[in-house]
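Subject: Structure handover

Hello,

Here is the structure I said I would pass on. Please look through it first; my notes on what was found follow below.

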Amino acid sequence: MKVVFVAFLKSPSASGHQRLWALRECGMDVHVLDKDGYKNFLGRFAGKVAKLLKNPKLLSNTVRLEQDLIDLCIKEQPDLIWMEWAKEFQSQTILKIKKLLPNAIWVSMQDDNPWGDRKSDQWMWKDYFEIVPQFDVHIVKRESDVIHLKALGAKEMYMWEHGMYSPLFYPAVKKIIPKKYPVSFVGTCMDNRVELISFLLEKGIPMHVFGTRWDTRSDLPKKFPTQFHAAVEGEQYANVIRDSQICLGLVSHSNHDEWTMRSYEVPACGVLLLAERTPTHEALFTEDVNAAFFSTKEECAEKLLHLVNRPELCEQMGNTAFEMFNRLNYGIQFRMQDLIGKLKNKI
């Protein structure tokens, strides 16, 4: 099967990169259009101007992007056109390609939440809402997405479960105890995370935070300068996980999420995940056997204070999670294989 794959691919650890690899592992002949190569002439001011004018077309050079998509589809004649976060495309562009390739299956991958609590970001989904009916299949992350997309005219939806991405996330070759970071968290400063991280640090928990906007949205990096670090991605990000005794896994509450990429990336590295207690996490793991859960900041601190002084137990639980995920084929290539089987029936 020939596929045209459209996504942001600048970061080697981006979820789009992981799905691209999985498609190729499933034997797909994939041709890529990287949206990161289409910067708006406004440069670094593009996002601010687009938000001010509430115009998603200003986020990138959409004219060139859409024309290059048309040209690529004409050249490759794909069976499947897979678009991730299709916020930049107009209905007439898709209709034009459909006339040229009437048998191609259109797939939208959308694991963000345009209907979540980030009301100030809803403007950027305006064009996406208009093209929803043009897709044959929508791949989504939560049941509420199905309801919203059906209301916009979506035809068919598949729930997406992520998986382990083995090229980047794998256990350390040499186990080192103690680890470099007793506790780590990788993520953006948002939702109620300042309150939680502040509470944990003030309890004396040796936590290291990697991510953006902590210095602009909180004073924590000034109060705890040795505990905050720049954002990491790719191999650096994977190394932070491998170098950690415990990784904190926080879901996006504003997106109404029940799992995060770390729900798969941390066990893929054979490291203990301390995650928020959600129905998905409870289905993926066995609590206190191959992961630890918490529901409140007090419970989080209690669990960390208990585990941080038990490195051997943490290593054992992380290894158990890795072995279980492999035994149950939780690799992203197997998730993709199941999905491709369903899509092939439509071609």
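Helices (H or I, at least four residues) and strands (E, at least two) are DSSP runs, numbered from the N terminus. Two strands pair if DSSP finds at least two bridges between them. Contact means heavy atoms within 4.5 Å. Axes are lines fitted to C-alpha atoms, for helices over the stretch in contact, and angles run from 0 to 180 degrees between N-to-C directions.

This is a predicted model, in which local features need pLDDT of at least 70 and side-chain atom pairs count only at pLDDT 80 or more, while totals for chains, interfaces and linings use all residues. Residues are numbered from 1 along each chain as its sequence is written, and side-chain values use heavy atoms, with hydrogens and water left out.

The sheet

Six strands form an open sheet in the order E9-E8-E7-E10-E11-E12, with parallel pairing. Strand E9 (228-229) and strand E12 (292-294) are at the edges with a single partner strand each, so one side of each has no neighbour in the sheet. Within the sheet, E7 pairs with strand E10 (residues 244-249) in the parallel sense over three bridges. Val183 stands opposite Ile246 in E10.

Helices on the sheet

Helix H7 (residues 193-202) lies across E7, strand E8 (207-210), E9, E10 and E12, and runs at about 150° to E8. H13 lies across E7, E8, E10, strand E11 (272-276) and E12, at about 150° to E12.

How do H7 and H13 pack? Their axes are 10 Å apart, at an angle of about 40°. The two helices are therefore oblique to each other (angles under 35 degrees count as roughly parallel, over 145 as roughly antiparallel, 65 to 115 as roughly perpendicular and the rest as oblique). On the H7 side the contact is made by Glu195, Leu196, Phe199 and Leu200, and on the H13 side by Lys297, Glu298, Cys300, Ala301 and Leu304.

Another strand pair

Strand E1 (residues 2-7) and strand E2 (residues 29-34) pair in the parallel sense over six bridges. Ala7 has Asp34 in E2 as its bridge partner. E1 is mostly covered, with five of its six residues buried (buried means under 20% relative accessible area, exposed over 50%, partly exposed in between, with a 1.4 Å probe and protein chains only).

Salt bridges

Side chains of opposite charge can pair when their charged atoms come close. A salt bridge is a side-chain nitrogen of Lys or Arg within 4 Å of a carboxyl oxygen of Asp or Glu. By this rule the count is 16 salt bridges.

One of them joins Arg335 and Glu161, with the closest N and O atoms 3.6 Å apart. This pair links distant parts of the chain, 174 residues apart: Arg335 is in helix H15 (residues 332-344), and Glu161 is in the loop between strand E6 (157-159) and strand E7 (181-186). Arg335 counts as buried at 14% relative accessibility, whereas Glu161 is partly exposed at 45%.

Arg64 and Asp68 form another, at 4.0 Å from N to O. Both lie in helix H3 (residues 62-76), four residues apart, about one turn of the helix. Arg64 is partly exposed at 37%, and Asp68 is partly exposed at 24%.

In H13 (residues 297-307), Lys303 and Glu299 are likewise four residues apart, about one turn of the helix. Their side chains meet in a salt bridge of 3.6 Å, N to O. Lys303 is buried, with a relative accessible area of 17%. Elsewhere, salt bridges that share partners join Lys141, Arg142, Asp145 and Asp257 into one network.

Regards
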